[in-house]
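Hi,

Here is the structure I promised to pass on.

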Amino acid sequence: MKLIFAIVSNDDSSKVSKELTKNRFSVTRLATTGGFLMAGNTTFLIGTDDDKVDEVISIIGKHSKKRTQMVPSSASYGVGMYTSFPVEVQVGGATIFVTNIERFEKL
Ligand code: 2BA
C-alpha cells in the first residue's frame, strides 16, 4: 500500500477532489500554505494499493493546471538603496510524493 501526498492549487482542488472521489478513491484534504508564496494550497492524502498509484497521479495531473504568478522581488543598487520589482514564478500543476505504508488499519 502507498500513501500519496499531492499539493495542488486551491483553484484546482475541488475538481481534483471530485474526480478522485468519482473514481472511488478515498481522499483527505488539508488546507495548507506554500512556504515561498505564503499562499493557500490544498494537500491531498490518498491511501491506495500500489497498482492504483499511476491512476491517481494521472487524475491529479489531468486536473491541475500550471500557472504563473507575479511575486515581489528586490534588488540593491549597492549604495544602500533598494528597489522592488515583480518576478514571474511558475506554480503547479501538482507536487506529488509517494510513500510506502508499513501498516494500515481502520478500526
Ligand atoms: P510555495 O512554496 O508557495 O511555492 C510556489 C512556487 O514558487 C513553486 O511552485 C516554485 O515555482 C516557486 N518556489 C518555491 N520555492 C522557491 C524558492 N526557494 N526559490 C524560488 N522559487 C521558489 P511549485 O514547485 O509548483 O510548488 C507549489 C507548492 O507545492 C509550494 O508552494 C509548496 O507548498 C509545495 N511544494 C513544492 N515543492 C515542495 C517540496 N519539495 N516539499 C514540500 N512542499 C513542496
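**Around the ligand**

An N or O atom in the side chain of Asn41 sits 3.0 Å from an oxygen atom of the ligand. That makes it a polar contact, meaning a pair of N or O atoms within 3.5 Å. Before you read on: this is a predicted model, where local features need pLDDT of at least 70 and side-chain atom pairs count only at pLDDT 80 or more, while totals for chains, interfaces and linings use all residues. Residues are numbered from 1 along each chain as its sequence is written, and side-chain values use heavy atoms, with hydrogens and water left out.

The backbone gets involved with the ligand too. A backbone N or O atom of Phe36 is 2.9 Å from a ligand oxygen, and for Gly92 a backbone N or O atom is 2.7 Å from a ligand oxygen. The residues around the ligand (a heavy atom within 4 Å of it) include Ile7, Gly34, Gly35, Leu37, Val89, Gln90, Val91, Thr95 and Phe97.

**The largest pocket**

This one has a volume of about 410 Å³, taken as the space filled by probe spheres set on grid points joined across faces, edges and corners. A pocket here is an open set of points on a 1 Å grid over the protein atoms alone, where a 1.4 Å probe fits, with protein on both sides within 12 Å along at least five of seven lines; lining residues have an atom within 4 Å of a point. There are 21 lining residues, and Ser9, Leu37, Gly40, Asn41 and Val91 lie nearest the centre. β1, α1 (10–22), β3, β4 (67–76), β5 (82–91) and β6 each give two or more residues to the lining. Helices (H or I, at least four residues) and strands (E, at least two) are DSSP runs, numbered from the N terminus.

**The sheet**

Four strands make an open, antiparallel sheet in the order β2-β3-β1-β6; two strands pair if DSSP finds at least two bridges between them. β2 (28–33) and β6 (94–100) are at the edges with a single partner strand each, so one side of each has no neighbour in the sheet.

β1 (residues 2–9) is joined to β3 (residues 40–48) by 8 bridges, with Ile4 opposite Ile46 and Lys2 opposite Thr48. Another 7 bridges join β1 to β6, again antiparallel, and there Val8 stands opposite Ala94.

Cheers

Notes
A polar contact is a pair of N or O atoms within 3.5 Å; within protein, one must be able to donate a hydrogen and the other to accept it, and residues adjacent in sequence count only if both atoms are side-chain atoms.
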